[in-house]
Amino acid sequence: MPQETPSEDAAMDLRGKSAVVTGGGNGIGRALCLAFAEQGANVLVADIEAEAALAVAEEVAAKGVRSLGVTVDVTDEASVSDLADTAWETFSSVEILVNNAGVMQVTAPVYECSAADFDWIFAVNVRGALNGIRAFVPRLIAAGRPCRVANTASEHALGVPHIGAGLYTASKHAMLGLADVLRREVPDFVKVCALCPGIVDSTLWRSSERRTDAFGGSAPAPEAAGAFMRQVGMPAAEMAAQAVEGIRAGLFNIVTHPHAVDIAKSRWEEIERAFASQAPRRADDGKYDLAPIMRQIVLPETPQ
């Protein structure tokens with residue numbers, strides 16, 4: 001199980017390693033690409049916007065490492081599979097995958113969101129991560145070297161009930177759940193990370209402009225949301241520097257905004273009160289506990 005305290009002995013030296021970052025053409029993704037490069041890692045910048053991917057790849061190369069900008073649609077399994085092929089052909093090996101591509105709908109109550117909104121958000125945020133896991137993780141396991149797989153979730157996954165962003169919040173809970181199960185299914189040398197930042201000065205508010213025709217087509221982005229994120233969001237470079245240190249250390253929970261601990265505590269306290277009043281511990285309650293059974297499960301063909 002991944003340790004939650006950074007250790008210099010366990011931390012990955014990024015010099016000469018290779019990282020693949022989806023959604024790398026802007027915002028948090030761009031900042032992660034540059035943060036990896038600053039520590040000596042080669043970077044494949046993957047984004048649905050070709051020009052953005054190429055521009056960030058140039059910024060990465062200026063830091064003295066190898067880089068490549070590639071167009072990818074994370075909702076398309078074949079596109080992500082091609083991305084994996086390109087990564088190994090370009091760098092010979094890959095040590096870090098960051099499933100970072102993500103979108104957010106224009107804020108609206110859950111009961112006003114459309115099926116198309118749901119399909120779009122979950123296709124990018126969740127199926128996109130699953131496509132990355134399916135394309136990269138078997139190769140990472142086969143390589144047998146220390147590596148990292150990170151999902152960009154959100155403080156939403158820790159319990160932030162963002163009014164007007166129910167679908168986005170649900171997708172980030174799903175991202176955390178995927179990562180939490182995956183870390184128990186892979187060998188110890190594959191460290192799985194869940195990035196859970198708070199609000200960041202990024203281009204997430206422009207998501208509607210990047211909505212493809214398959215999910216209803218693009219729409220103007222809300223400028224007020226952009227102004228708000230620029231005003232109150234943590235600088236993306238600051239968040240990325242913290243995130244990369246967590247990835248190097250192989251931490252599962254990677255957090256960046258200190259206030260979120262109070263939100264997580266509030267969520268747990270509500271759960272604890274529910275158990276205390278509805279299902280208090282009993283002498284015989286272990287008969288329903290699946291943990292002993294789960295500890296005996298060994299997945300076939302998974303080296304441990």
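The model is predicted: local features need pLDDT of at least 70, side-chain atom pairs count only at pLDDT 80 or more, and totals for chains, interfaces and linings use all residues. Residues are numbered from 1 along each chain as its sequence is written, and side-chain values use heavy atoms, with hydrogens and water left out.

- Helices (H or I, at least four residues) and strands (E, at least two) are DSSP runs, numbered from the N terminus.
- Strand E5 (residues 147-152) has 6 of its 6 residues buried, so the rest of the structure largely encloses it; buried means under 20% relative accessible area, exposed over 50%, and partly exposed in between (1.4 Å probe, protein chains only).
- On one side of E5 sit Cys147, Val149 and Asn151, and on the other Arg148, Ala150 and Thr152, all of them buried.
- Strand E4 (residues 96-99) runs parallel to E5 and is joined to it by 4 bridges; two strands pair if DSSP finds at least two bridges between them.
- Within this pairing, Ala150 of E5 has Val98 opposite.
- Strand E6 (residues 190-196) is also parallel to E5, with 6 bridges between them, and Val149 has Val192 in E6 as its bridge partner.

**Crossovers**

- E4, helix H4 (residues 115-143) and E5 form a right-handed β-α-β unit; right-handed means that, with the strands pointing away from the viewer, the path from the first strand over the helix to the second runs clockwise.
- E5, helix H5 (residues 166-182) and E6 make a right-handed β-α-β unit too.

**Salt bridges**

- The count comes to 12 salt bridges, each defined as a side-chain nitrogen of Lys or Arg within 4 Å of a carboxyl oxygen of Asp or Glu.
- Arg30 pairs with Glu59, their closest N and O atoms being 2.7 Å apart. Arg30 is in helix H1 (residues 27-38) and Glu59 in helix H2 (residues 50-61), so the pair ties together parts 29 residues apart in sequence.
- Arg139 and Asp85 form a salt bridge at 2.3 Å, N to O. This pair links distant parts of the chain, with Arg139 in helix H4 and Asp85 in helix H3 (residues 77-91), 54 residues apart.
- Arg248 and Glu245 meet at 2.9 Å, N to O, and both lie in helix H7 (residues 236-249), 3 residues apart, about one turn of the helix.
- In that pair, Arg248 is buried at 14% relative accessible area, whereas Glu245 is partly exposed at 35%.
- Asp180, Arg183 and Arg184 are connected in a salt-bridge network.
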